[in-house]
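Subject: Structure handover

Hello,

Here is the structure I promised to pass on. Please open it first, then read my notes below.

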Amino acid sequence: MARKIFLAIFALLIMLPEICAAGILDYPRTAVIPFTKKAAVSPDINWDDQINVTAVVYDELFQTGKFDLLDREYLQDILNEQVLQELMSKPAESTYLEGAEYLVVGSIDGLSTKKRVGEVFGFGSNRYTVVARLSARVIDVETSRVVLTGRAVAESTIKLTKAPFRIIRIGSHDVNEELVSDALDKAAVALVDNLMAHMKYARG
């Protein structure tokens with residue numbers, strides 16, 4: 001009898017890492033909360049830019065085939081500032097999550113520019129690089145514990161043109177909207193790659 005108990009405990013100890021990691025890896029019901037803006041940039045980086053980052057993260061998570069995602073447009077429609085505050089303070093009690101087990105909560109942490117002045121065929125040429133920094137954490141709704149974190153940095157470089165894209169000021173530099181959007185999109189893709197790598201590592 002003692003031998004059977006010992007073998008049962010031994011088997012449980014062997015399986016324990018798999019059991020602990022399984023929760024977030026077994027196609028969990030997940031809500032991607034709209035990303036917030038923490039970057040110290042001009043008001044030209046608006047709500048639409050944040051929604052686009054959220055959309056890219058959502059699509060990339062969907063493509064992994066490892067998440068059962070709540071409808072993004074539904075969340076976008078209902079999650080005003082007051083609801084977000086309520087959701088983040090007591091996620092398990094929220095009536096907006098439709099049985100979600102996890103929340104993906106992220107932010108645009110930084111946007112910066114680098115300028116390089118060069119010369120092409122005797123003419124001056126200004127090239128600007130936008131660097132975007134994103135971060136995200138995955139929260140267990142039931143316990144409010146952070147179970148996974150990820151960060152990403154990406155950049156995009158282009159010769160500045162005034163048209164047809166809108167100009168956005170970051171720091172002391174004017175850059176076009178397309179450049180900012182491209183850097184944010186690349187960072188969003190890299191962020192999901194980072195989260196998935198951490199999940200794989202957690203599984204061992």
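**Salt bridges**

Lys186 and Asp182 form a salt bridge, with the closest N and O atoms 3.3 Å apart. Please keep in mind that this is a predicted model. Both residues sit in helix α5 (residues 177-203). They are four residues apart, about one turn of the helix. Lys186 is partly exposed, at 40% relative accessible area. Asp182 is also partly exposed. Its relative accessible area is 29%.

How many salt bridges does the structure hold? The count is four. As background, side chains of opposite charge can pair when their charged atoms come close.

Start with Arg151, which forms a salt bridge with Asp109. Their closest N and O atoms are 3.7 Å apart. Arg151 lies in strand β6 (residues 146-159) and Asp109 in strand β4 (residues 102-120), so the pair ties together parts that are 42 residues apart in sequence. Is Arg151 buried or exposed? Arg151 is exposed, with a relative accessible area of 61%. A value over 50% counts as exposed. Asp109 has 28% relative accessibility and counts as partly exposed.

Next, look at Glu155 and Lys114. Their side chains meet in a salt bridge, at 3.5 Å from N to O. This pair also links distant parts of the chain. Glu155 is in strand β6 and Lys114 in strand β4, 41 residues apart. Glue these to the accessibility values: Glu155 is partly exposed at 42%, and Lys114 is partly exposed at 45%.

Now move to strand β7, residues 167-170. One face of β7 is covered, and Ile168 and Ile170 are on it.

What joins β7 to strand β8 (residues 173-176)? Four bridges do, and the two strands run antiparallel. Arg169 stands opposite Asp174 in β8. The hairpin has two residues between the strands. In this hairpin, Gly171 takes a positive phi near 65 degrees.

**Cavities**

Last, the inside. Rolling a probe the size of a water molecule over the atoms shows where empty space is left. There are two cavities of 30 Å³ or more.

The largest cavity has a volume of about 50 Å³. Which residues line the largest cavity? They are Val32, Pro34, Ile51, Thr54, Arg72, Leu75 and Gln76. Two elements give two or more residues to this lining: α2 (47-64) and α3 (72-78). α3 gives the most, with three residues. By type, the lining of the largest cavity has four nonpolar residues, two polar and one charged.

The second largest cavity has a volume of about 30 Å³. Leu61, Phe67, Val104, Val138, Leu148, Leu195 and Met199 line it. The lining of the second largest cavity has seven nonpolar residues, no polar and no charged.

Those are my notes. Over to you.

Best wishes

Technical notes
Residues numbered from 1 in each chain as written. Predicted model: local features only at pLDDT ≥ 70, side-chain atom pairs only at ≥ 80, totals over all residues. Heavy atoms only, no water. 1 Å grid on protein atoms, 1.4 Å probe; cavity = no way out; pocket = protein on both sides within 12 Å on 5 of 7 lines; lining within 4 Å. Points joined across faces, edges and corners; volume = space filled by probe spheres on them. Nonpolar A, V, L, I, M, F, W, Y, C, P; charged D, E, K, R; others polar. Buried < 20%, exposed > 50% of the residue type's maximum accessible area, 1.4 Å probe, protein only. Pairing = 2+ DSSP bridges.
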